[in-house]
Amino acid sequence: MISARTSIVWDVITDTGNLTVWESGIAAIHGELRDGGTVRIKTTDNGGRTVRLRVRQIPGEAMTLTSGPPLGLRKRIRTFTLAPRDGRTRLTVTEEYSGPLARLLRASNAGTARNLDELVGAVTKRAELLDRSF
């Protein structure tokens, strides 16, 4: 649970101009996080590799970021879901793997749960700092 309005949390996770400023785990981003868009993200923990992500959104409610080659040999889907609760926001972040090579992708991302926990913690810190209504 984040002590910030859902609109603030949404702004934090979709503000490409500031994702590299706070502890998001993103070193560089090119493109806009908008429904149907594509972004290229370089994270701080993937050895300098850039990942291309397809974006799907229900503005203010959910966003999915999908990566993987076109043939579907391996696919990773990260989903952000926001739900308002008593003036606060419940943020859930999940990651799913599919395709014949998914096992390799899962093995190469063994620290994913820890990374997702760190991401949610960083989003919480940023959103609560920006939302002065609490």
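Predicted model: local features only at pLDDT ≥ 70, side-chain atom pairs only at ≥ 80, totals over all residues.
User: What makes helix H1 largely enclosed by the rest of the structure?

Analyst: Count its buried residues. In helix H1 (residues 6-14), 7 of the 9 residues are buried, so the helix is largely enclosed. Among them are Trp10, Val12 and Ile13.

User: Why is serine 24 called buried?

Analyst: Buried means under 20% relative accessible area. Serine 24 has 11% relative accessibility, so it counts as buried. It sits in the loop between H1 and strand E1 (26-30).

User: What does serine 24 touch, leaving aside its neighbours within four places in sequence?

Analyst: Serine 24 is in contact with Leu19 and Leu119.

User: How do you know that the side chain of serine 24 makes a polar contact with isoleucine 26?

Analyst: Check the distance. A polar atom of the serine 24 side chain lies 3.2 Å from the backbone nitrogen of isoleucine 26. The cut-off for a polar contact is within 3.5 Å.

User: How many salt bridges does the structure hold?

Analyst: It holds 2 salt bridges.

User: What makes arginine 5 and aspartate 131 a salt bridge?

Analyst: The cut-off is within 4 Å, from a side-chain nitrogen to a carboxyl oxygen. For arginine 5 and aspartate 131, the N to O distance is 3.0 Å. Arginine 5 lies in the segment before H1 and aspartate 131 in the segment after helix H3 (112-130), so the pair ties together parts 126 residues apart in sequence.

User: Are arginine 5 and aspartate 131 buried or partly exposed?

Analyst: One of each. Arginine 5 has 41% relative accessibility, so it counts as partly exposed. Aspartate 131 has 2%, so it counts as buried.

User: How do you know that arginine 78 and glutamate 95 form a salt bridge?

Analyst: Their closest N and O atoms are 2.7 Å apart, and the cut-off is within 4 Å. This pair links distant parts of the chain. Arginine 78 is in strand E5 and glutamate 95 in strand E6 (residues 88-98), 17 residues apart.

User: Why is glutamate 95 called buried?

Analyst: Its relative accessible area is 16%, so glutamate 95 is buried. Arginine 78 has 23%, so it is partly exposed.

Definitions and conventions. Residues numbered from 1 in each chain as written. Heavy atoms only, no water. Buried < 20%, exposed > 50% of the residue type's maximum accessible area, 1.4 Å probe, protein only. Helix = DSSP H or I, 4+ residues; strand = E, 2+ residues; numbered from the N terminus. Polar contact = N/O pair within 3.5 Å; in protein donor to acceptor, adjacent residues only side chain to side chain. Contact = heavy atoms within 4.5 Å.
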